[in-house]
Amino acid sequence: MPGATIDQDGPPEDAGKQGLSRRRFLGTGAGGVAAAVVFGSGLRPAAAAAAGDAAGGKLTATDPHAHTGRAVSSAQASVDGVRILPIDRAKFQANVRFDLRVEATGVDPETARIQIRVQGSDGPADILTGEPVRTSSAPDSFEVTYLGLRYPDPGTYTITAIAASRTSAPATARVTHEVVVAHAGATSATNVIFFLGDGMGQPAITAARLLSKGITEGKYHGLLEMDLMEQRGLVTTSGVDSIATDSANSMSAYMTGHKSSVNAMGVYVGNDPDPNRHPRVENVSELFKRTRDMAIGVVTTADVADATPAAVWAHTRQRAEFLDIIDQALRERQRPHVLLGGGRATFLPQSEEGSIRDDDRDVIEEFEALGYAYAGTETELREAVADDPTRLLGLFTLGTMNVYLDREHDPDPEVLGEFTDQPTLMDMTRAALDVLGRHDEGFFLMVEAASIDKMEHPLDGPRAVYDAIEFDQSIGLAKQWASTRSENTLIIVTADHNHSMSIVGTHDAREDLDPDRQSNGVYADAGYPTYVDSDGDGFPDTPDADVQLFFGWSNHPDHRDDFEHNETFLQPALLNEDGIAVPNPDRDPDALVQIGNLPLNQTNCVHTVEDVPVFASGPGAAGFNAVLDNTEVFHRMIDALGLVVGEEPGAGESEVEVLP
Ligand SMILES: [Zn+2]
């Protein structure tokens, strides 16, 4: 089925063309079908051939993909495997949409047959509707995908898939899905503001409190805005494929209620090499727009196409597909009303400097044609908001926005270049609330502090912590906004994953000991740092205090560290010609090398697996006082909104079999 993109805009033109004559109806019913057999005969899998070619050159024994390259399976062979997506133990809200995909590998796609049965608590469940898309992603693979299904009623459902072909014995897979409906409390939320501190584990929060509020004799002089939220819990962050998550799949869990895999969002990762042909799960943009006509807002200090913001609206297996992610943001069903951050490079036509496009489209103009006010600077943002727009696009740099320390606190013209008038995260949050707050049906706003993570990766504690303080001040602004409004607003604050950073003690920069680690104070020798916030803006006057925090890193490449703030940001390690990470000779050149513990090709520290905190205030906040799987954050949000998704009338048969 080459070119059959799995897309909930509607079945692709050629979807089911071959399958249509090959179906056998197994029964009748009102809503859909509970069982189907789909045959693969007649497939001419250009995609499969292309996938084979993509493996490239001669396969060697060490190639992990070598086993998928074989062309012949013997008559005695068994089907290697059959896989059902969504995965076992996936949890759904009733009537929220998802694609169902069954993949059979180790089969001859021309003679393969996949039988699917769906069993609910009370017998066969008629959820299979529409023509399935039949694909072959590899020479020995046959896949069936049903688009836009939904479970109409709460309960437990079991899906059984049996795959067989003429050349192989059958294999079976079975998954159980849990379907729930929202159980709202006495008061439901009208609005949700979702704050995401990227990589903001507890060390970043503690460091922000230390620097922003100060501490003497063990007692803080104040608490952070997030410390003062009504409820708190912990979130576990692992994904389908790995205990260690990236920002795409962890944010996707919050935005869909479903697990995903590293680099993926809004999809379960199947076996198709095309990033757009993976089974989708409905995300908050689609769900809140279609069910409640809520407005959607996305604010970030990252590129707006980066993983965390994109997971609010996009479906892709590859987070790096920025052009496609922004194309998806243009689709009415997925399109945010407010989109503020960096990332102008994806919007500019290729003729303009800095563009990463390969065409002449001016995507800013395309948004303006859809009624969006546009701002490219903080000044323009203020002017745009003064005109009371209903739609707002702001792109303040080409890629990631500069960090607070370099952008606001100690602006360095060489670092900022032409982007000297960037808004703060507070400015962007305020602008988004101004626009979204006028929307009668309520809104969902996501606010991300991206560079907590982006500065932890290169082991730059002070820059990460200043951005965590900026994040906290944005939370304070939202709390203040919510307190003055009559409607109910749930505020959630969490992180997508923990990070390598740790606060160990202090480093005395006045000493000139050799090596520098001799000036790291631990236990009683640590005492207290000497940051000063003389203007009371919540940020220390300088991160380069006499006695600074001693940042430790649980994982890292080989790098040099003098344990003091770097006035200019520098990467800790760089790749040499052999692809090995070596210490950056320009960063702390006189310091000792810290021997790394990561694989030799890693130039940055990486995310870690520990749980992250979640905080909540407002209607439904009590649901966050728990240890939550990251997908559960979505369901608690649905509960807070009291969002019971109505059943849409279906039409179809209760059981079908697809005939050759
Ligand atoms: Zn990261």
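## Two residues with positive phi

Y523 sits in the loop between β23 and β24 (547–553). The model is predicted. Phi of Y523 is near 45 degrees, a positive value in a residue that is not glycine. Is Y523 buried or exposed? Y523 is exposed, since 7 other C-beta atoms lie within 10 Å, and a count of 12 or fewer means exposed.

D588 also has phi near 45 degrees, and D588 is a residue other than glycine. Look for D588 in the loop between β27 (581–583) and β28 (593–594). D588 has 21 C-beta neighbours inside 10 Å, so D588 counts as buried. The cut-off for buried is 20 or more.

## Two cis peptide bonds

Start with P86. The peptide bond from L85 to P86 is cis, and its omega is near 0 degrees. P86 belongs to the loop between β3 (81–85) and β4 (91–93).

Now turn to P515. The bond from D514 to P515 is cis, with omega near -5 degrees. P515 lies in the loop between β22 (501–508) and β23 (520–521).

## An open sheet

How many strands form the open sheet? Ten strands form it, in the order β18-β19-β17-β16-β20-β12-β21-β29-β15-β30. The pairing is mixed. At the edges stand β18 (373–375) and β30 (627–629). Each has a single partner strand, so one side of each has no neighbour in the sheet. From one strand to the next, the twist averages 15 degrees.

Strand β15 (residues 231–236) and strand β29 (residues 612–617) run antiparallel, joined by five bridges. Here Q231 stands opposite A616 in β29. A helix packs on the sheet too: α14 (residues 630–641). Helix α14 touches β12 (191–197), β15, β21 (489–495), β29 and β30. The direction of α14 makes about 105 degrees with that of β30.

## A pair of helices

Helix α8 (residues 378–386) packs against helix α11 (residues 425–436). Their axes are 10 Å apart, at an angle of about 15 degrees. Angles under 35 degrees count as roughly parallel, and α8 and α11 are therefore roughly parallel to each other. Their crossing is left-handed.

Which residues meet where α8 packs on α11? From α8 come E378, L381 and V385. From α11 come D427, A431, D434 and V435. Of the residues in this contact, four are nonpolar, three are charged and none is polar.

How values were computed. Residues numbered from 1 in each chain as written. Predicted model: local features only at pLDDT ≥ 70, side-chain atom pairs only at ≥ 80, totals over all residues. Axes fitted to C-alpha atoms, helices over the stretch in contact; angles between N-to-C directions. Helix = DSSP H or I, 4+ residues; strand = E, 2+ residues; numbered from the N terminus. Parallel < 35°, antiparallel > 145°, perpendicular 65-115°, else oblique. Left-handed = near helix turned anticlockwise from the far one by under 90°. Contact = placed C-beta atoms within 7 Å. Nonpolar A, V, L, I, M, F, W, Y, C, P; charged D, E, K, R; others polar. Pairing = 2+ DSSP bridges.
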